[in-house]
Amino acid sequence: MTEKKGPETWQEINPGCMVFRPGSASEYHTGSWRAKRPIWDNAKCIKCGVCYIFCPEGCITEDADGFFVANFDYCKGCGICAHECWPKAIAMVNEED
Amino acid sequence: MGKRIGMEVAIASAEAAALCRFDVAAVYPITPQSHVAEHLSDIVADGRVDASFITVESEHSALSSAMGASATGARVVTATSSQGLLFMGEVMPIASAMRLPIVMIIANRAVSGPINIWNDHSDIMPMRDTGWISFFADNGQEVVDMVIQAFKVGEDRRVMLPVNVNLDGFQLTHVVEPIVMPDQEEVDRFLPPYEPFATLHPDKVVTMGALGMPEFYAEAQKAKNVAIVNSIDVVREVWKEWEKGFGRKYEPIHAYRTEDADVALVTMGSMGETAEIAVDELRREGVKAGLLKIKLWRPFPFEDLKKAVKGIRVLAVTDRACSFGGPGGPVFSEIRSALYEGAKRPKIVNFLIGLGGRDVHVEDFVAMVRKAAKGKLSEPYEFYGVRG
């Protein structure tokens with residue numbers, strides 16, 4: 001990552017902290033906050049999509065087979081998907097053990 | 001040249017905004033600002049300006065709507081008072097941080113409790129540190145002039161900050177005064193159409209009000225502070241231009257009979273005119289009294305103050321708000337702090353006056369000057385005239 005993350009000095013702050021490059025928030029990978037990650041057991045998954053609906057980050061998508069996966073660039077590991085998954089197909093496992 | 005007419009000052013403040021051809025007014029009515037809200041609404045309903053009047057459900061929404069409108073590039077006016085201003089409090093620092101040049105007419109009124117609808121400055125003082133430029137008007141003419149000046153200052157590319165114009169509730173808002181209303185052509189010459197730095201527009205995408213994490217937040221605060229500190233140069237420039245065009249002089253601190261003054265009062269707002277009469281009376285009796293009237297509260301005019309107090313032995317600073325458990329009133333602590341570094345500084349005493357609409361008469365200012373002449377009060381700050 002050689003790209004500058006943002007202004008270095010107060011003089012470089014845009015007036016009103018305006019951001020002229022739309023969508024730049026996607027460059028901030030909140031996945032680095034994660035302590036636990038959701039792991040799907042597709043044998044238990046009924047493809048209901050509750051995890052996709054409840055994910056506050058909007059980082060869960062449906063794959064070609066109709067199962068669900070998280071984008072770990074943005075998944076903060078909040079565990080809401082695992083909490084809501086009533087067939088208990090999602091387990092939260094530690095990032096580091 | 002505009003014509004001199006008799007007009008209620010609240011109405012005149014809305015008329016001044018109309019002369020500025022505002023695009024949006026987002027206002028929630030509250031005593032004693034209500035006539036401003038009503039008249040802005042009338043102006044829009046009558047089609048006198050090509051503008052929208054947003055009927056909001058609260059002051060929080062009024063300022064939030066004002067911000068949204070301003071971000072699209074509209075010239076926006078709002079107005080409030082007392083609890084309404086406190087309710088706007090959450091939005092106040094965001095408007096300045098986003099550098100949106102909204103103009104707010106504030107009919108200064110005491111804040112509860114006890115519930116009180118009358119005039120003092122306890123509403124604006126908690127907003128002191130929100131990053132808005134603050135003007136204080138003495139009379140109706142100054143209100144009209146300052147509303148027009150406020151748009152010019154705030155919209156300047158070197159400033160881009162919201163500005164509030166403070167006028168004392170009832171003492172000014174509800175009083176009919178002779179006011180020279182500038183002509184539309186004069187105002188058009190003085191105030192060109194607003195050209196925003198950036199606007200919210202789907203064709204040219206810009207993010208406003210984004211997150212500022214710890215690694216940027218402090219830089220953003222410094223940038224905002226530099227903007228408001230530097231805005232004093234533009235205020236001076238605009239006031240000079242106003243004087244040239246309209247013949248009425250404005251300066252951050254207006255000195256009245258202070259050339260050889262021994263004791264000088266310090267006021268903000270409409271009480272300055274009463275204090276002037278007191279100074280005249282004292283002068284007739286041979287007392288070397290003077291008066292400093294602060295017109296620009298933020299950014300605070302430090303250099304003007306240092307110059308203005310030269311030769312003065314005692315400053316009697318009046319405050320229209322309390323700083324509970326603090327060093328005295330907010331104006332007093334500001335002035336004392338501003339003069340701390342000076343080798344030759346005056347003695348400074350503090351009177352808390354006119355709280356919650358309590359009248360302050362000429363003889364009260366005379367008495368304050370006499371008391372202050374000792375250079376020290378029996379207590380660090382005095383609630384002047386309070387019984388008990």
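**Notebook: helices and contacts in chain B**

I began with helix α3 (residues 59-71) of chain B, whose 13 residues should span 18 Å at 1.5 Å a residue, and since its end C-alpha atoms are 18 Å apart, the two agree. The expected span is 1.5 Å times one less than the number of residues, and helices (H or I, at least four residues) and strands (E, at least two) are DSSP runs, numbered from the N terminus.

I noted that this is a predicted model, in which local features need pLDDT of at least 70 and side-chain atom pairs count only at pLDDT 80 or more, while totals for chains, interfaces and linings use all residues. Residues are numbered from 1 along each chain as its sequence is written, and chains are lettered from A and ligands numbered from 1 in the order in which they are written.

I then looked up the buried residues of α3(B), among them B:Glu59, B:Ala62 and B:Leu63; buried is used when 20 or more other C-beta atoms, placed from the backbone, lie within 10 Å of a residue's own. What covers these buried residues includes β2 (24-27), β3 (52-55) and α4 (82-88) of chain B, where contact requires C-beta atoms, placed from the backbone, within 7 Å. Just after α3(B), B:Gly73 takes a positive phi of about 105°.

Next I turned to B:Tyr28, in the loop between β2 and α2 (34-45) of chain B. B:Tyr28 counts as buried because it has 24 C-beta neighbours inside 10 Å. Leaving aside neighbours within four places in sequence, its contacts include B:Glu59 and B:Ala62, both of which are buried residues of α3(B).

I went on to helix α6 (residues 140-155) and helix α8 (residues 214-246) of chain B, which pack at an angle of about 130° with their axes 10 Å apart; the axes are lines fitted to C-alpha atoms over the stretch in contact, and angles run from 0 to 180 degrees between N-to-C directions. The two helices are therefore oblique to each other, a word kept for angles that are not under 35 degrees (roughly parallel), over 145 (roughly antiparallel) or 65 to 115 (roughly perpendicular). The contact is made by residues including B:Asp145 and B:Gln149 of α6(B) and B:Trp239 and B:Trp242 of α8(B).

Last, I checked helix α9 (residues 271-284) and helix α12 (residues 362-372) of chain B, whose axes come within 8 Å and cross at roughly 60°, which makes α9(B) oblique to α12(B). Among the residues that meet here are B:Ile277 in α9(B) and B:Phe365 in α12(B).

Notes. Two residues are in contact if their C-beta atoms, placed from the backbone, lie within 7 Å. A residue is buried if 20 or more other C-beta atoms lie within 10 Å of its own, exposed if 12 or fewer, and partly exposed in between; C-beta atoms are placed from the backbone.
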